[in-house]
Amino acid sequence: MNTRLLGAVAALALLTTGPAGHAADYPTKDLQGTIMWGAGGATDVVARAITPIVEPLLGQKIVMVNRAGGGGAISTAFVAARPSDGYSLLFGAENPQLHKVLELSQIDYADFYPVNIMARGVAVIVANNDTPWTSFKDLAEDAAKRPGEIKMGSTGPGGLPHVVGSLLKTVIDFNVTSVPFDGEGPGITALLGGHVDFMPSGLSAAAEHIKAGRVKVLAVVNNEELASLPGVQPISTDFPGFSKYLPWGPFYGVFVKRDVPDAAKAKLVETFKQAASTASYVEMMEGRGNIMMNIAGDEADAFLKKWQSTTAWVLHEAGATKASPETFGIPKP
Amino acid sequence: MEGSAASYFLMSWLDPSLLALTAAGALAGVYIGAIPGLSVTMAVSILISFTFSWEVNEALALMGGVFCGGVYGGSRTAILLNIPGAPSAIATALDGYPLAQRGEAGRAIGVSTVTSVIGGLMGVAALAIAAPAISDFALKFAPRDYLLLAIIGILLVGSLSGESLAKGVFAGALGVLIGMVGLDPMTAEGRFTFGQVSLLGGIPYVAAMIGFFGVAEALVQLRNLNVAPIKQKVDRIVPGWSVIRKYIPLSIRSSAIGVVIGALPGTGGDIAALMAYDNAKRTVKNPSRPFGQGAYEGLVAPESANNAAIGGAYIPMLTLGLPGDAVTAVIIGALFIHGLKPGPMLMIETPHLFWFTVGNLTLANLFTLVFGLTGIRVFAKMMECPRAILIPLIIVLSVVGTYAIQNSVIDVYWMLAFGVLGYFMKLYGYQVGPVILGVILGPLMDVSYRRAMLSVRDDPAMFAWELVANPLTLVLTLSIVLLLASQTPAWGAATARVRRWRRNGG
């Protein structure tokens, strides 16, 4: 009887404060978290690791659902269609920034407010151990000698290997055959089995295989050497043409719709900032080869814009887009 | 003793909290697995957040329990209601449900429980003994080999077609069509999406499965509402040793299929179960009844295989940090969150993990046996429930289960539409099994063929050469040739001649 009474009181309290209630009380009910990619993937791990830290700070649960598919377009469309009350969070990666030029969706991060961009990843170029190359220069020379014969593992349009591959094509004459797999994990699997010769991959997916010596790393797609990969050449050493596009990599963040009330945004920004600075989270993220960013608001928006302009134009120049970035007002870098 | 394989193996047996968590996981898994739409993958994903602050061993014990219990649990509803609780139980429904209709639901569940656990233990044994060898073997599978595997699987349409092969092929093609909806995995081009964002992600095949099996079956039964429910025999639930012994050779054979298919990244328990069923149908000479009409062999094969696939899926996960199926992909994520680094170094950096997992999975299988064998009587009696009550319940369960896949109402509409379509298909003698086969294998064939072709730069001659140039591929190619040849009249004549010659000569 008592519990029923309590329940009634709680329901009444909810009714009076309600979704349209005082923003200062936000949040008054469970939040819904939509994860852009499938369970067990990089985005999923980043999202599911931060929510248990955020929940006690917010004082509410976040109910997480994976809505993979459509290269991320399913999740952005879903969250964009939810009410702008701050109760629907989008845990996403870099992909939506290319959806317009790839004609996947008209929704990108311009429609969302960056609550926090937790971290960015670094790309590396890894190769099967049986290949003769010791550096990316060897690979580039070999590819020039026998165009189209070398097989590159990929993950489909807009994916990291595709973008890095396009970057390579833009800077040097680089003609290889790209074989797309369902993700970085399956791509690395094919690389280990020798079914592709090399693959540009996020460091987080490749790190353990590099450490164990099951694949060799030819270059870091970065301007400087990485502390976690001492002795591996940055790609811009042999090919300075790359440096203007760098740093480039995937990123992971949490977003709400642009028109969410400011008080809710402020509360979320504060909470996620605190959660993303937690030692255990930082350790987990850096252990996966990510570089912590923990940025929000205008700073994050500037980052998102720059990322979009660099990447969309690189893809466009490599002939890998369906629509010109110009159509959508994406400025040239 | 401390630090030895045996001490790691026994960790979850001796620690009361780990023991309790494994038991709780297995118990929860049996019921989660039994509800269509609630999948093991989903349960394990939820457990990641739930177990965030726990010790990693505790989290793994719970997940291992849920995994083992859940894969087994799918067979329950497959046998009782003809709704596979999970995709890996699709093949179980093919003979399990006819058994329930004969009043042998209790015995069917008993046999499936015991052979599930035998399969599960075989999978764990393979993990313990041969993990590095099997994972190296799994890496050898090139895209062309996945294509050949998918072709072997799709040939199963022939045995699932029922009265007419043409109708079976039609149903299979319908399934392939359903599987093709969504973004092309290679080019991200929309296929059959008609500009709808909701179709970009494709049609969840669990929704198709629930519709074609669950709702369609419920509608068919509504037609004969006044038929008296089948009286279930519930005397001999736990199968005797003599019964089990009879099925052990088949169970071991099916487990071997399960381990390999489970260890292959990209194929899991669902495909393993279907291939084991197909294999049993081709190789078992004198089944207890014809396959599809309640053969216990048709229950033993898929149930052994899908549980053996668990051990198989852990093999690439523990040795290489690569997922063997969707559930181990989530567990890899969990390991990362707990600060471990799944990869080839995992067994060196956290030496306890391998034998801990082996011990824990063994334990989870034993708990599955216990929880599986209790409560069968009550479940079997469910079949005797009046249809006017049971059938609305099935439909409610189907709607809830479909909504639970990803909290999407559109999926529920799809499921209901497939249910109505499946009803008419059944009415006109089309089997729904091939549809699901097409949904599962069609996309695998599609991407594997195109990857294989891309790998040889679209050169058909080179592609044909590759089919025979590599020993592994050659074996798969020859299997398909033999499978096809054995169906031709010439083959029958040839074998008859050989037999005659042997008899005369010997």
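Visitor: How many bridges join strand 5 of chain A to strand 8 of chain A, and in which direction do they run?
Guide: In this predicted model, local features need pLDDT of at least 70, side-chain atom pairs count only at pLDDT 80 or more, and totals for chains, interfaces and linings use all residues. Residues are numbered from 1 along each chain as its sequence is written, while chains are lettered from A and ligands numbered from 1 in the order in which they are written. Helices (H or I, at least four residues) and strands (E, at least two) are DSSP runs numbered from the N terminus, and two strands pair if DSSP finds at least two bridges between them. Strand 8 (residues 198-202) of chain A and strand 5 of chain A run antiparallel, and the bridges that join them number 5.

Visitor: Which residue of strand 9 of chain A is the bridge partner of A127(A)?
Guide: Strand 5 of chain A is also joined to strand 9 (residues 215-221) of chain A, antiparallel, by 6 bridges. On the strand 8 side, V126(A) has M199(A) as its bridge partner. For A127(A), the partner in strand 9 of chain A is K216(A).

Visitor: Why is strand 5 of chain A described as largely enclosed by the rest of the structure?
Guide: A residue is buried if 20 or more other C-beta atoms, placed from the backbone, lie within 10 Å of its own, exposed if 12 or fewer, and partly exposed in between. Strand 5 covers residues 123-128 of chain A, and it is largely enclosed because the number of its residues that are buried is 6 of the 6.

Visitor: Which residues touch the most other members of the largest nonpolar core?
Guide: A nonpolar core is a set of buried Ala, Val, Leu, Ile, Met, Phe, Trp, Tyr and Cys residues joined through C-beta atoms within 7 Å. The largest one has 275 residues, and those touching the most other members are V124(A) and V126(A). Helix 6 (residues 105-139) of chain B gives the most to this core, 16 residues. Contact requires C-beta atoms, placed from the backbone, within 7 Å; beyond four places in sequence, V124(A) touches residues including S201(A), L203(A) and V217(A), and the two core residues asked for are V124(A) and V126(A).

Visitor: Which helix gives the most to the side of domain 1 of chain A that touches domain 2 of chain A?
Guide: Domain bounds come from an automatic or database domain assignment, which gives chain A domain 1 (16-120 + 250-328) and domain 2 (123-245). Their C-alpha centres are 28 Å apart. The contact takes 17 residues from domain 1 of chain A and 16 residues from domain 2 of chain A. With 5 residues, the element giving the most to the domain 1 side is helix 11 (residues 297-317) of chain A.

Visitor: What element of chain B gives the largest share of the side that touches chain A?
Guide: The contact between the chains involves 43 residues of chain B and 46 residues of chain A. Elements giving two or more residues to the chain B side include helix 3 (40-50) and helix 21 (433-455) of chain B. The largest share, 6 residues, comes from helix 15 of chain B.

Terms used. Two residues are in contact if their C-beta atoms, placed from the backbone, lie within 7 Å.
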